[in-house]
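Subject: Structure for your review

Dear colleague,

I am handing over the structure we discussed, and I would be grateful if you could look through it alongside the notes below. They begin with the aromatic residues and then turn to a helix and a surface patch.

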Amino acid sequence: MTQTKAFAAQSPTSGLAPHNIERRAPRPDDVAIEIDYCGVCHTDIHFAQNDWGVTEYPVVPGHEIVGRVTSVGPQVKAFKEGDVVGVGCMVDSCRTCSACDAGLEQYCSNGMTGTYNGEDRHDHSITYGGYSERIVVSERFVVRVPEKLDIKAAAPLLCAGITTYSPLRHYGVKAGHKVGVIGMGGLGHMGVKFAKALGAEVTIFTRSESKVGEAKKQGADHVVVSTDEDQMAAVAETFDFMLDTVPVQHDLNPYLNCLTYDGTHIIVGLLEPVEPPLEAGALVFKRRVLAGSLIGGMPETQEVLDFCAEHDISCDVEMLDIHNINDAYERMKKGDVKYRFVIDMKTLKNG
Ligand SMILES: NC(=O)c1ccc[n+]([C@@H]2O[C@H](COP(=O)([O-])OP(=O)(O)OC[C@H]3O[C@@H](n4cnc5c(N)ncnc54)[C@H](OP(=O)(O)O)[C@@H]3O)[C@@H](O)[C@H]2O)c1
Ligand SMILES: [Zn+2]
Ligand SMILES: [Zn+2]
């Protein structure tokens, strides 16, 4: 066991504060990692606040982890001391069901083990995430960070990146498609970059007039201010795909009407019931599809890192001292981050 500094929330209203945890001694297939950077995902906020009613306190969030390997167990083949590696949203799964066999561990029939707030399959302890000095993870759930990538900007690829890349690939987005991305935050700005890299014409839907210029700089071809009814009406029946990253309940109906016939609305942000209710007729009369998507499997998580190295894609990050994490959460709740906070773990180690 290794004593490890971390930041944890103790209750839905406590905010995050220093908290010591223990990391296990590596098992035969484990990789021990010294964490350099960890991205801040809106899911971290949902868990810290217990928005989904499943949080076990104390919770140490963080699932956009990059760092260096410090040691490996005797069965580990793919990694050695000194390698730069990443860990995303999962640290284990059953490894035997059909989803796991297909490399889609996120859809494991027996439930994947989350990087935090999960239950370890061996010792039944609760997992702690990347707002910490180090982590120990089974080799199958560790990916290699290509040398070409700036490792600070690579951290958010482990969640924001794979979560937007995976559905765009699954649905075969390509040149000739029109894609709308709803919400210009951590996930949304990566969705724009991937949809463009795959050849699509991309429109960002934002509530924030102030993000219009920025969205174009990110490579979006068009911007729609979603609170402006005229702008929404002007793009009715336009899009083949909508990628919806909004983190709270919101009216889907205006967005469904932006799809062409056979268009697909892909939810990645929302887990709660749809409110206000969905007009099913908007689906029926145009053979539209409402879909959801969860992160991506381990092979695809490696693929997205390699894709970013090949296509020179990176996240836009604001570096964060971990002591300012509570302010960062407040800013994210207001949609005020360009476009992902990444914690520099030196501020935890030295602070
Ligand atoms: N499915 C998955 O596997 C998966 C993985 C990771 C995260 N998530 C979820 O995806 C969501 C987004 O995460 P994120 O880290 O990208 O969050 P984020 O960085 O906070 O960005 C969310 C964006 O949504 C827009 N937004 C916020 N509140 C809104 C509202 N009331 N109405 C309309 N738009 C609003 C804002 O964009 P504008 O200012 O441009 O409007 C904001 O920047 C979260 O719920 C997170 O838990 C899901
Ligand atoms: Zn996430
Ligand atoms: Zn499984």
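A residue is called buried here when its relative accessible area is under 20%, exposed when that area is over 50%, and partly exposed in between. Please keep in mind throughout that this is a predicted model. By that cut-off Phe-241, at 8% relative accessibility, counts as buried, whereas Tyr-171, with a relative accessible area of 29%, is partly exposed.

A search of the whole structure for aromatic pairs finds eight of them. One is the edge-to-face pair of Phe-47 and Trp-52, in which the ring centres are 5.5 Å apart and the planes make an angle of 85°. Phe-47 counts as buried because its relative accessibility is 14%, while Trp-52 reaches 25% and therefore counts as partly exposed. Both residues also belong, together with Tyr-116, to one aromatic cluster.

The rings of Tyr-171 and Phe-241 have their centres 6.1 Å apart and their planes at 45°, so this pair is tilted. The pair links distant parts of the chain, since Tyr-171 lies in the loop between helix 4 (160–170) and strand 10 (178–182), Phe-241 belongs to strand 13 (residues 239–244), and the two are 70 residues apart.

Turning to helix 11 (residues 325–333), its buried residues are Ile-325, Ala-328, Tyr-329 and Met-332. These residues cover an arc of only 100° around the axis, which means that they sit on the same side of helix 11. What do the buried residues of helix 11 pack against? Their partners are strand 1 (2–9), strand 2 (16–23), helix 1 (42–48), strand 16 (317–320) and strand 17 (340–344). Helix 11 is followed by Gly-335, which has a positive phi, near 75°.

Key. Residues numbered from 1 in each chain as written. Chains lettered and ligands numbered in written order. Predicted model: local features only at pLDDT ≥ 70, side-chain atom pairs only at ≥ 80, totals over all residues. Heavy atoms only, no water. Buried < 20%, exposed > 50% of the residue type's maximum accessible area, 1.4 Å probe, protein only. Helix = DSSP H or I, 4+ residues; strand = E, 2+ residues; numbered from the N terminus. Arc of directions from axis to C-beta. Contact = heavy atoms within 4.5 Å. Phe/Tyr/Trp six-rings, centres within 6.5 Å; stacked < 30°, edge-to-face > 60°.
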